[in-house]
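Here are my notes for your read-through of this model. Keep the structure open beside them and check each point as you go.

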Amino acid sequence: MASNLRVLFLAAEADPLVKIGGLGDVAGSLPKALRALSKPKSTVDVRLALPFHGAIQRKNFPVRRLMNFSIDLPISSIQAEAYSLEIEGLPIYLISGPPIPSDAPVYSSDILADGRKFIFFSLAALELSRHLDWAPHIVHANDWHTAPALRALSMEKPRNQFFKRTKKVLGIHNLPFLGNGAGPAMIEFGLSPAKQTALPAWAQELPLPLGILSADKVVAASPSYAREITTKEFGSGLQEFLSTIQDRIVGILNGIDLQVWNPLTDRFLPENFDSGSLEKRGRIKVALQAELGLDQRPKVPLFAMINRMDVQKGVDLVPEALLALSKIPGVANLPWQIIILGAGDPGLEAKMRQLEAWFPDRARVETRYDEPLSRRIYGGADMLFIPSRYEPCGLTQMIGMHYGCVPVARAVGGLRDTIQDYDSTEDSTGFLFEEASPQAMADGIGRALKVFSNRSAWRSLQHRGMSRDFSWVGLANKYLDLYRSLISSKS
Ligand code: ADP
């Protein structure tokens with residue numbers, strides 16, 4: 001067994017350098033959690049590599065220039081520059097070069113440009129480890145952006161002698177994003193399509209399918225998602241292929257970084273609290289109502305949503321679900337307020353802003369990315385709505401529970417694995433509904449509202465959610481076991 005396990009972790013984003021969504025949280029916290037498992041005689045030498053996006057602010061993150069090198073393409077080559085920094089003991093490499101323009105957003109609507117950016121990055125990260133003479137035992141890529149690294153490793157090339165013992169792990173945080181349209185960029189960079197394989201013909205040149213094909217192990221972001229992706233509803237057309245490689249797919253939940261998400265130390269909360277001082281949440285709620293121009297009424301249930309504005313998240317179900325509430329016996333006349341924070345699809349943003357016209361006294365819709373506000377919402381709102389159509393893992397429910405904000409969520413993917421439904425177990429932590437429909441959601445909210453009116457039952461529910469262990473420690477150990485089993489296997 002290796003006493004020094006070397007893991008190269010590749011991602012498109014990582015907190016605190018640059019974060020767009022949950023992948024940023026995961027890539028910001030899992031490598032750190034893995035490194036923390038080091039013991040005096042067996043170190044876990046995880047290093048993180050990211051594209052040097054323009055959004056990474058040099059003034060906040062002083063970097064050291066490491067080296068220049070070139071990436072060979074079939075008919076030319078491109079120069080790459082590598083920089084390094086360390087955050088809380090985690091070595092991080094940032095890679096720049098012409099395909100990673102500093103004025104481009106992390107993800108754009110130009111898939112070919114994004115394809116070139118991330119494929120270039122994936123190849124450059126491998127090349128960098130060769131220049132550093134640091135051969136990883138594991139390359140752990142994540143989603144379509146860095147899946148090309150695994151395809152490159154699996155192709156027979158002399159340069160891959162250096163990686164001959166390297167095992168390939170692919171984290172799937174969002175299967176439908178296959179890198180559709182990036183096929184020509186794969187070919188441009190010498191990553192040829194996989195003909196005559198189990199992949200369907202349309203997927204043979206796409207980054208994520210090729211990464212899955214190449215990976216020794218595929219890690220879905222929750223056990224439920226690992227099963228769901230082999231079905232037609234969630235398989236993005238790859239379900240049959242994925243069923244044939246089911247023995248290579250595992251599901252490991254994501255955790256949250258409890259140093260980053262802690263209501264007792266969160267500097268963006270007007271008051272800090274823990275499960276012993278939940279009464280302070282009432283004051284945070286009133287401050288939040290004041291901040292957003294809602295009536296300051298601590299006893300009125302305050303609903304919230306914090307997510308990308310994307311059909312995946314089921315945001316579009318909310319307006320009709322709220323209307324349907326008014327037809328549920330025992331709930332119809334109850335007051336409520338809602339705060340929605342989310343940025344993304346402009347059409348959805350506009351649709352959600354209409355809620356303010358429908359419910360001028362009750363609804364506030366903030367269509368921007370605003371982490372400090374998100375923290376005040378987790379700390380002050382009573383219920384967090386997560387009506388996702390699919391949810392590989394989801395972090396907001398865990399953050400919500402950890403902050404005493406009770407999830408009302410669709411029973412899907414990681415939501416099903418992390419939330420225990422109120423009516424199904426005494427150990428409940430939230431409310432789950434099965435169907436992605438406004439009526440099913442309204443029924444779920446209705447059940448939650450009835451419990452909300454019973455103060456002590458609600459407190460107990462909050463306490464149970466807050467006492468759940470959402471930390472990375474146990475989960476990072478699962479990854480470590482997986483890495484070790486891969487490097488000790490003969491194949
Ligand atoms: P996904 O990765 O699919 O976007 P997750 O639930 O896994 O969803 O993670 C979302 C992360 O992004 C959470 O940390 C959440 O707080 C944060 N987030 C999403 N939208 C916003 C927003 N508009 N402002 C601030 N934080 C946001």
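1. Start with R353 and E349. Their side chains meet in a salt bridge, at 4.0 Å from N to O. The model is predicted, so treat that distance as computed. Both residues lie in helix α10, which covers residues 346-358. They sit four residues apart, about one turn of the helix.

2. How exposed are the two partners? R353 has 38% relative accessibility, so R353 counts as partly exposed. E349 has 13%, so E349 counts as buried. The cut-off for buried is under 20%.

3. Side chains of opposite charge can pair when their charged atoms come close. How many salt bridges does a search of the whole structure find? The search finds 25.

4. Next, look at K19 and D25. These residues form a salt bridge, and their closest N and O atoms are 3.1 Å apart. Both K19 and D25 are buried.

5. Now take E88 and K32. Their side chains also meet in a salt bridge, at 3.2 Å from N to O. E88 lies in the loop between β4 (77-87) and β5 (90-96), while K32 lies in helix α1 (residues 22-35), so the pair ties together parts that are 56 residues apart in sequence.

6. K32 counts as buried because its relative accessibility is 18%. The pair also belongs to a network: salt bridges link K32, E88 and D257.

7. Turn to the cysteines. A disulfide is a covalent bond between the sulfur atoms of two cysteines. The structure holds zero disulfides. The cut-off for a disulfide is 2.5 Å. Seen from the other end, C405 is in no disulfide, and its nearest cysteine sulfur is that of C393.

8. Check where these cysteines sit. C393 counts as buried because its relative accessibility is 2%. C405 counts as buried because its relative accessibility is 1%.

9. Next comes the sheet. Six strands form an open sheet, with parallel pairing. Trace them in the order β12-β11-β10-β13-β14-β15. Which strands stand at the edges? They are β12 (363-366) and β15 (431-433). Each has a single partner strand, so one side of each is left without a neighbour in the sheet. From one strand to the next, the twist averages 15°.

10. Zoom in on one pairing. Strand β10 (residues 302-306) runs parallel to strand β13 (residues 383-386), and two bridges join them. Find F303: its bridge partner in β13 is M383.

11. Helix α11 (residues 371-380) lies across β10, β11 (337-341), β12 and β13. Helix α11 runs at about 140° to β10.

Terms used. Residues are numbered from 1 along each chain as its sequence is written. This is a predicted model: local features need pLDDT of at least 70, side-chain atom pairs count only at pLDDT 80 or more; totals for chains, interfaces and linings use all residues. Side-chain values use heavy atoms; hydrogens and water are left out. Two strands pair if DSSP finds at least two bridges between them. Axes are lines fitted to C-alpha atoms, for helices over the stretch in contact, and angles run from 0 to 180 degrees between N-to-C directions. Contact means heavy atoms within 4.5 Å. Buried means under 20% relative accessible area, exposed over 50%, partly exposed in between (1.4 Å probe, protein chains only).
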